[in-house]
Amino acid sequence: MPCTVVVGAQWGDEGKGKIVDRLAAEADIVARYQGGPNAGHSIRRGNETLVLHLVPSGVLHPGKRCLIGNGVVIDLERLQEEVTSLETAGLSVRDRLGVSGAAHVILPYHRAVEAVVEQGADAIGTTGRGIGYAYRDKAARTGLRIADVLERDRFIPAAERNLHRLRLEFPEAEPLLAMSGDSLWRSLEPAVRWVQPMVSDVSLELYDALADGRSVLLEGAQGTLLDLDHGTYPYVTSSAASAAGAPLGVGLGPRAVTRVIGVTKAYATRVGLGPFPSEMPEAEGARLREIGEEYGATTGRPRRCGWLDVPALRFAVRVNGLDGLIVTKLDVLDAFEEIRVVSEYEQDGETLRGFPATVETLEAATPTLRTFPGWCRPTTEVRRWSDLPAEARAYLDWIEQAVGAPVMSVSVGASRDAEVMRQ
């Protein structure tokens, strides 16, 4: 392996959890490098589906060390609830979980402010969990980290300063008036004491592991097109969701990464507001949504559905330096007589090169659709590449040629074994 990054190549929800779960069998350590508890990886274990929010997907494999890096923002109470739920389901978690002391903490005032903003004209469709405002405080150098909340005398005055600033900036956020540094500390103290034994120097632990020849798997949340720098700004997340964010988010140098794998659906989905050039008409999108169960793992929100967007996927290949692609949910297209893809964007009669930097340019562009014949037979039991329908193989061959990255495997169901390797 020795250090593999798994990254979403679309707008998130590509099925990364299942892929990380499979690759974790080969890794010694699985580490999460960015995002917050709005993310949700759904992983099938036997007949049950486990939804992970902050805990790395490697937790389903006994003995694997799981780390949460400095690039993640953590809601301590939600983390405690998640770990408790996993342990109730029979998994050993606390003795294998490490949390970076440099990771920033989501606090109640972040959620209060975000709730107000998302009701106004500046709403961008967030989940309202305070993640964006925790990252905002991080960038403004006013955030509080795990290492800070462990110390009561450090936490209380810093929280008071933040509350004072936020009350001036957001006078309409009435819940802020009832908060104080002391009340926040008292409400957080049980979770703080709970997490304290798990606090780890994640950077040093990963560095030592790689130096000892052990293998590391780095996983993120969301996807490339939601990356703060490279996504459809401002309709993006607040962190580096592309592969470059992986070493940054766990405290490793970029040369530590030896392989980058991108995950894409055989079609496309998007949650929240923002441009979506390949979006289907609602009737068609509703059909795909029901077949693919395209609802948020964390929020239950229905996802917007569309055909595969090749210019966007080609951009993801370039930005992430992908060594290969894993295509998920191919089986969802089994019932479609025709399959379409957006092959190019056009504007004023000319084909656009690259991926537009502004929302306005992307929304003004005209998507060029290409149609492929469907295979109209089930693929869920297929386990050999040669047994995939010829039409499906032709579709996948065209994708890898069009985007410039080899398709390593395809997923044809939610279970661990529902995967068809290319070789």
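How many cavities of 30 Å³ or more does a search of the whole structure find? The search finds 1. This is a predicted model: local features need pLDDT of at least 70, side-chain atom pairs count only at pLDDT 80 or more, and totals for chains, interfaces and linings use all residues. Residues are numbered from 1 along each chain as its sequence is written, and side-chain values use heavy atoms, with hydrogens and water left out.

**View 1. The largest cavity.** The space inside is about 40 Å³. A cavity is a set of points, on a 1 Å grid over the protein atoms alone, where a 1.4 Å probe fits but cannot get out; lining residues have an atom within 4 Å of a point. Volume is the space filled by probe spheres set on the points, joined across faces, edges and corners. Gln10, Trp11, Leu225, Ala268, Asp309, Ala312 and Leu313 form the lining. The lining has 5 nonpolar residues, 1 polar and 1 charged. Here Asp, Glu, Lys and Arg count as charged, Ala, Val, Leu, Ile, Met, Phe, Trp, Tyr, Cys and Pro as nonpolar, and the others, Gly among them, as polar.

**View 2. The second largest pocket.** A pocket is an open set of points with protein on both sides within 12 Å along at least five of seven lines. This one has a volume of about 160 Å³. Helix H11 (residues 310–320) gives the largest share of the lining, 4 residues. Helices (H or I, at least four residues) and strands (E, at least two) are DSSP runs, numbered from the N terminus. Lining residues include Pro311, Arg314, Glu344 and Arg353. By class, 3 are nonpolar, 2 polar and 4 charged.

**View 3. Helix H10 (residues 282–292).** Its buried residues (under 20% relative accessible area, 1.4 Å probe, protein chains only) are Gly285, Leu288, Arg289 and Gly292. Seen down the axis, they fall within an arc of 105 degrees, so they line one face of the helix. The arc is that of the directions from the helix axis to the C-beta atoms. Glu293 follows H10, with a positive phi near 50 degrees.

**View 4. The open sheet.** In it, 10 strands run in the order E9-E7-E5-E2-E10-E1-E11-E15-E19-E20, with mixed pairing. Strands pair if DSSP finds at least two bridges between them. E9 (199–200) and E20 (419–421) stand at the edges with a single partner strand each, so one side of each lacks a neighbour in the sheet. E11 (residues 259–265) and E15 (residues 324–328) run parallel, joined by 5 bridges. Ile261 stands opposite Gly324 in E15.

Notes. Buried means under 20% relative accessible area, exposed over 50%, partly exposed in between (1.4 Å probe, protein chains only).
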